[in-house]
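Please look over the sequence and the model shown below before reading on.

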Amino acid sequence: MLDLSRLDLEEIATALEDQTYYDHRWLIDPRTGEILFWTTDGGVDGRTPVDLDDLDLVGIDPLPSSVWYRDMVDFAEGISDAAVGRRLARAIQGRGAFRRFKNTLHEEYPHLLPAWHAFRDARSRRRAVEWLVDNSLIDDETGERCMVEHPDPDLP
């Protein structure tokens, strides 16, 4: 089992969110917890192509975009100002929801950006921990403790 305190949860979260899966992969060394970035042309060192099957590493597959979309829904629903919540909910309807949500926050509600980042970061960290537990890289008890210690922050 890996030591959770030595793992880069932010980097694992980035890998779980990365939807551009066609010519690269995020990997984790199950012995050390080191996160590696593999490409078809440069392998893991950036210079030596290597087949993924030849590596003794665990692939970090991205989570579906619906998981990340849910964060926007929950954030919009959790905002205490009902008018702002409705505006954010409208922004995420249909294609381009992620871009519209970001633009709406930046252009209309920049004061909510710190709350959004804290909310999203907490969710991302917990997803990284869930992924580690699901892949037997940390034990269930450690994962559960981390989840309890890192709840969603209060929203304005």
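Helices H1 and H5 are roughly perpendicular to each other, a label used for angles of 65 to 115 degrees, while angles under 35 degrees count as roughly parallel, those over 145 as roughly antiparallel and the rest as oblique. The angle at which H1 and H5 pack is about 85 degrees, and their axes lie 8 Å apart; such axes are lines fitted to C-alpha atoms, for helices over the stretch in contact, with angles running from 0 to 180 degrees between N-to-C directions. On the H1 side the contact is made by Leu9, Ile12, Ala13, Leu16 and Glu17, and on the H5 side by Arg120, Ser124, Arg125, Arg127, Ala128, Val129, Trp131 and Leu132, where contact means heavy atoms within 4.5 Å. Sorted by class, the contact of H1 with H5 has 8 nonpolar, 1 polar and 4 charged residues; here Ala, Val, Leu, Ile, Met, Phe, Trp, Tyr, Cys and Pro count as nonpolar, Asp, Glu, Lys and Arg as charged, and the others, Gly among them, as polar.

The model is a predicted one, in which local features need pLDDT of at least 70 and side-chain atom pairs count only at pLDDT 80 or more, whereas totals for chains, interfaces and linings use all residues. Residues are numbered from 1 along each chain as its sequence is written, and side-chain values use heavy atoms, with hydrogens and water left out.

The chain as a whole has 6 helices and 3 strands, which are DSSP runs numbered from the N terminus (helices being H or I with at least four residues, strands E with at least two). Along the sequence these elements follow the pattern α-β-β-β-α-α-α-α-α. The C-alpha atoms fill a box of roughly 55 × 35 × 20 Å, taken along the principal axes. Of the 156 residues, 38% count as buried, that is, under 20% relative accessible area with a 1.4 Å probe and protein chains only, while exposed means over 50% and partly exposed lies in between. Among contacts between residues at least 6 apart in sequence, 61% join residues at least 24 apart.

Helix H5 also packs against other helices. The axes of helix H2 (residues 65-78) and H5 come within 11 Å and cross at roughly 140 degrees, which makes H2 oblique to H5. In this contact Val67, Trp68, Arg70, Asp71, Met72, Asp74 and Phe75 of H2 meet Ala115, Trp116, Phe119, Arg123, Ser124 and Arg127 of H5, and by class the contact has 7 nonpolar, 1 polar and 5 charged residues.

Helix H5 (residues 113-134) and helix H6 (residues 140-149) pack at an angle of about 170 degrees, their axes being 9 Å apart, and H5 is therefore roughly antiparallel to H6. Arg126, Val129, Glu130 and Val133 of H5 make this contact with Asp140, Gly143, Cys146 and Met147 of H6. In the loop between H5 and H6 lies Ser136, whose phi is near 55 degrees, a positive value in a residue other than glycine.

Leu132, found in helix H5, is buried, with a relative accessible area of 0%. Leaving aside its neighbours within four places in sequence, Leu132 is in contact with Leu4, Leu7, Leu9, Ile12, Ile28, Leu137 and Ile138. By contrast, Pro49, which is found in the loop between strand S2 (35-39) and strand S3 (58-60), counts as exposed at 53% relative accessibility. Residues up to four places away in sequence not being counted, Pro49 touches Thr40, Asp41, Gly42 and Gly43.
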